[in-house]
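Reader: I have a new structure open and would like a walk through it. Can we start with the rings?
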Amino acid sequence: MKILVCVSKTPDTTAKIAFTEGNTKFDEAGVQWIINPYDEWYSLVRAIELKEANPAATIHLVTVGNADAEPIIRKALALGGDEAIRVNTDNSDAYYIAAQIAEVAKQGGYDLVFTGKETIDYNGSSIGGMIAEMIDAPYISLATKFDLNGTTATVVREIEGGEETAEVALPLVVSCQKGVAEQRIPNMRGIMAARTKPLKVVEPAAVDALTSVVSFELPPAKAGVKLVAPDNVEELVRLLHEEAKAI
Amino acid sequence: MSVLIFIDQTEGHVKKSSLEAITYGADLAKQMGTTAEGVVLGTVTEDLSALGKYGVTKIHQVANDTLNHLDAQLYASVISEAATASGANVIVFSHNQTGKAVAARVAAKLKAGLVAGACALPDTSNGFVVKKTVFSGKAFANISIQSTLKVISLNPNSYKTVATEGTAAVAAFAATVGQPRVKVTTVNKITGEVPLTEADIVVSGGRGLKGPENWGILLDLAKELGAATACSRPVGDAHWRPHHEHVGQTGVQVAPNLYIAIGISGAIQHLAGVNRSKVIVVINKDPEAPFFKAADYGIVGDAFEVVPQLTAAIKN
Ligand SMILES: Cc1cc2nc3c(=O)[nH]c(=O)nc-3n(C[C@H](O)[C@H](O)[C@H](O)COP(=O)(O)OP(=O)(O)OC[C@H]3O[C@@H](n4cnc5c(N)ncnc54)[C@H](O)[C@@H]3O)c2cc1C
Ligand SMILES: Nc1ncnc2c1ncn2[C@@H]1O[C@H](COP(=O)(O)O)[C@@H](O)[C@H]1O
């Protein structure tokens, strides 16, 4: 069985969000980069667990990004996975990124493609669905549980106000979130092993991007908190009712 | 030319997030000088023509039982057919659970540029530029779509529904419905509770509540307000509350009209899931809790005293 895990690089969750060049670029000064948490904690760990249960399985990681994504890929390899592929380009358009991954997926003939629920910087929640369409595979999004029985997957996914269980035959694309696996910390052996695991760099396929970022904005600053005395909750109710019109 | 809106239903009822998508799509159609049409999949018990009051003039219905459960691939193929038939230039989804599964597939199928998570009407004065939330609600990006056909998914709770007069013409749409590859075996809905992502008001608790046995005061307040309940990540991790209630960067992102945070410190990862809320109320005994900086209203006090009083005051 061959599993492809999509891994992307995002600013650390506590990174200061600021923009440069007339608000057209994210300000990377002083920013720590991490593996997108949904990719690291859930999809990658679940793939590793599947391999632990079935040692004949292989796990490939793929990232679409420049050379500066390599530390992230190495860190992911330290958690597990057999080899990594980096598509050497840095476009932000979802269609473009998905088309690059779909190309890798077609060539590798994977049974299973895992993505995270969403990137914590772009918040598209869309790459997985696009890949699935491009490789003509079913797509289960927002998975909270993933089990495999031969070539049939049983997946629990989030729906409005609950969850539902679905059965799907492989090949399949799944976007993973909390519940699918538990976060792991790479150990020394993993870190050493990752240094020598293959990291292939491939050039991007010729695909037209369909969107582009014009500018960024920060939300207007809050006016500041209005404090109400703890023994005067009636005042809070009045403010919420009359001023904020929230209740 | 038209704006086509995907109208999402569950158990025969149109979802609230879809009413927002319809209003948004209808306003966009007006802005572009065209008409708004809708597409509904599956069997619906509601009177669809009444959706005309949100501005949609024509609804294509594919009343096929197979479509009562989400198979993103089937949905995408049917919606794409409807888009072609109605000559759509823009297809609008809600960025809810269904939209997240389907909009991207439709965009890929039709080679249409996608803005997922839009929060305002596009600027069509010079090109087609859509504002969306990025960095988990900490910023916005204005995204230009270059393709002729465009797909937008609208963040739930970010566009106000406006109901006026009007009825929509409902017509059966004969789409090719293939065999589903996704077989839904069980559906497990938490009945009687307001779904978190659709809620107008969310009451949320953190580690400050000390343990699951203390959640009663929060549930009482939520009940009084008709609110959904949520929690911080450590609360979910400790199984004090079901994990689907965990909001934040790695949990659910909510954008209600009112978010009441009780005993939550306001870590940046928590804020990332709630900072699109219109009004934030913080109840915390520590005046230095970072959450107060993101709040509109606050009470520095002990939750175990303040919350029951608040519930009582609302009751009056
Ligand atoms: C990569 C990453 C991702 C994360 N993602 C998330 C996420 O998605 N969501 C999330 O919530 N967290 C997330 N976290 C964790 C986050 O950093 C915080 O640790 C967490 O939000 C703290 O939860 P809390 O506010 O409930 O608990 P605490 O930080 O322990 O705060 C408890 C608060 O309760 C107050 N309090 C105590 N007693 C009372 C009382 N009697 N009355 C009133 N107030 C009282 C205290 O003053 C304190 O402010 C993430 C962390 C990391 C590193
Ligand atoms: N540049 C990228 N390279 C590899 N995988 C990516 C990339 N961008 C996004 N993904 C994957 O797609 C998921 C959803 O991303 P998004 O649609 O941007 O929210 C992420 O969690 C990743 O698994």
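Author: The structure holds 14 aromatic pairs over all chains. Rings of Phe, Tyr and Trp (its six-membered ring) pair if their centres lie within 6.5 Å; planes under 30 degrees apart are stacked, over 60 edge-to-face, and the rest tilted. This is a predicted model, where local features need pLDDT of at least 70 and side-chain atom pairs count only at pLDDT 80 or more, while totals for chains, interfaces and linings use all residues. Side-chain values use heavy atoms, with hydrogens and water left out; residues are numbered from 1 along each chain as its sequence is written, and chains are lettered from A and ligands numbered from 1 in the order in which they are written.

Reader: What kind of pair do A:Phe19 and B:Phe135 form?
Author: A:Phe19 and B:Phe135 form a tilted pair, 6.0 Å centre to centre with 55 degrees between the planes. The pair crosses between chains: A:Phe19 is in strand β3 (residues 19-20) of chain A, and B:Phe135 is in the loop between β8 (129-134) and β9 (139-145) of chain B. Helices (H or I, at least four residues) and strands (E, at least two) are DSSP runs, numbered from the N terminus.

Reader: Is A:Phe19 buried or exposed?
Author: A:Phe19 is buried, with a relative accessible area of 13%, and B:Phe135 is buried too, with 7%. Buried means under 20% relative accessible area, exposed over 50%, and partly exposed in between (1.4 Å probe, protein chains only).

Reader: Which residues form one aromatic cluster with A:Phe19?
Author: A:Phe26, A:Trp33, A:Phe216 and B:Phe135 form one cluster with A:Phe19. A:Lys9 lies over the face of A:Trp33, at 4.0 Å from the ring centre. A charge sits over a ring if NZ of Lys or CZ of Arg is within 6 Å of the ring centre and within 35 degrees of the ring normal. In chain B, the charged end of B:Lys150 sits over the ring of B:Phe128, 5.1 Å from its centre.

Reader: Changing topic, where does ligand 1 lie?
Author: Ligand 1 lies between chains A and B. Of the 28 residues around ligand 1, B:Arg207, B:Ser232, B:Ser265, B:Gln269 and B:His270 come nearest. A residue is near a molecule or strand if one of its heavy atoms lies within 4 Å of it.

Reader: Which polar atoms are 3.0 Å from ligand 1?
Author: A polar backbone atom of B:Gln249 is 3.0 Å from an oxygen atom of ligand 1. An N or O atom in the side chain of B:Asp302 is 3.0 Å from a nitrogen atom of ligand 1. For B:Arg207, a polar backbone atom is 2.8 Å from an oxygen atom of ligand 1.

Reader: How much of ligand 1 does the protein cover?
Author: The protein covers 80% of the 980 Å² of accessible area that ligand 1 has on its own. Accessible areas come from the Shrake-Rupley method with a 1.4 Å probe; for residues, only the protein chains shown count as cover.

Reader: And which elements give two or more residues to the shell around ligand 1?
Author: Those are α5 (233-237), α6 (268-274) and α7 (303-315) of chain B.

Reader: Last one: which residues of helix α2 of chain A are buried?
Author: In helix α2 (residues 70-79) of chain A, the buried residues are A:Ile72, A:Ile73, A:Ala76, A:Leu77, A:Ala78 and A:Leu79. A:Gly81 follows α2(A), and its phi is positive, near 105 degrees.

How values were computed. A polar contact is a pair of N or O atoms within 3.5 Å; within protein, one must be able to donate a hydrogen and the other to accept it, and residues adjacent in sequence count only if both atoms are side-chain atoms.
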